[in-house]
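Here's a quick briefing for anyone opening this structure for the first time. Take a look at the sequence and the model, then read on.

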There are 2 protein chains.
Amino acid sequence: MASQATGSGHRAAPVHTDPAEVSVLTALSALADPVRIQLVRELAGSAEWTRSCGSFDVSVGKAALSHHFSVLRGAGLVEQRDQGPRRVNRLRREEFDARFPGLLDLVLRPDGSP
Amino acid sequence: MASQATGSGHRAAPVHTDPAEVSVLTALSALADPVRIQLVRELAGSAEWTRSCGSFDVSVGKAALSHHFSVLRGAGLVEQRDQGPRRVNRLRREEFDARFPGLLDLVLRPDGSP
DNA sequence: CCCGGTGTTCGATGAATATCTTACAGTCCC
DNA sequence: GGGACTGTAAGATATTCATCGAACACCGGG
């Protein structure tokens, strides 16, 4: 078979949640965590599909990191795609902003920003 | 002594936090709770200084309720004033909105509102 | 085919926190 | 002053959740 450009494995695909189906409580809970805020911020500062899960400068082990990405997926904040052995990420900016206008902007704004 | 219109007792005044000094994480954590969301919503639907703490239709005891109001005060979301034996509340809409534009609107919006 | 690299899952642990019960401190009204 | 009412404080309990360690699955390359 013709090998695809970026091999799409037949692995357990990550479960995604449509931002349109996310409740306010779920969205706020997902963002009410320092590690996840950092992930979102770092992700926002990078081009889409360029950051693998392990490429983030966080202070937790990879098990916890995997959990955090699961929460972010469940809140419709992050989309993931398998690219060879690694899983690359994308911040669902427009979609999430359509569901919760302004929320992402607040998180991405530098914290001391009156 | 001349009794004041609404007697302001010499009781331990509630500790308030200026919304300008509240971090994003604190604000999101305060709002990431179903009981507190309900309190904020109910408060937004009432005139200022008209709702005492005990007048909310929540499913927790008054001790937990007092704790939730403490969290809301600490996030700059609610202002309290003693009015006789009861403590009346006000949602700090403008001040909080100046610090976190749009956040309160998201919480007050009916949950399925895309 | 073996191996290093990448993530996920599972179970357990620990910390944060939401809750209750009880006790206490004010305030108002009789 | 006594008593009903309102809210807070303190201590105990329970639940949620973030974290870790180890085991497993998958991919790509020698």
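A:F96 and A:F100 are both buried, where buried means under 20% relative accessible area, exposed means over 50% and partly exposed lies in between (1.4 Å probe, protein chains only). This is a predicted model, so local features need pLDDT of at least 70 and side-chain atom pairs count only at pLDDT 80 or more, while totals for chains, interfaces and linings use all residues. Residues are numbered from 1 along each chain as its sequence is written, chains are lettered from A and ligands numbered from 1 in the order in which they are written, and side-chain values use heavy atoms, with hydrogens and water left out.

**Aromatic rings**
- Rings of Phe, Tyr and Trp (its six-membered ring) pair if their centres lie within 6.5 Å; planes under 30 degrees apart count as stacked, over 60 as edge-to-face and the rest as tilted.
- That rule gives four aromatic pairs over all chains.
- One of them is A:F96 with A:F100: the centres are 5.1 Å apart and the planes at 50°, so this pair is tilted.
- Chain B has a tilted pair in B:F96 and B:F100, with 5.1 Å centre to centre and 50° between the planes.
- B:F96 is buried at a relative accessible area of 0%, and B:F100 counts as buried at 1%.

**Charges over rings**
- A charge sits over a ring if NZ of Lys or CZ of Arg is within 6 Å of the ring centre and within 35 degrees of the ring normal.
- A:R51 lies over the face of A:F56, 4.4 Å from the ring centre.
- In chain B, B:R81 lies over the face of B:W49, at 3.8 Å from the ring centre.

**The nonpolar core**
- A nonpolar core is a set of buried Ala, Val, Leu, Ile, Met, Phe, Trp, Tyr and Cys residues joined through side-chain atoms within 4.5 Å.
- The largest one has 55 residues, and A:L28, A:L77, A:L103, B:L28, B:L77 and B:L103 touch the most other members.
- B:L28 touches residues including A:L28, A:L31 and B:L103, not counting residues up to four places away in sequence; contact means heavy atoms within 4.5 Å.

**The sheet in chain A**
- Strands (E, at least two residues) are DSSP runs, numbered from the N terminus, and two of them pair if DSSP finds at least two bridges between them.
- Chain A has an open sheet of three strands in the order β1-β3-β2, with antiparallel pairing.
- β1 (51–52) and β2 (78–83) of chain A stand at the edges with a single partner strand each, so one side of each has no neighbour in the sheet.
- Six bridges join β2(A) to β3 (residues 86–91) of chain A.
- A:Q80 stands opposite A:N89 in β3(A).

Key:
Helix = DSSP H or I, 4+ residues; strand = E, 2+ residues; numbered from the N terminus.
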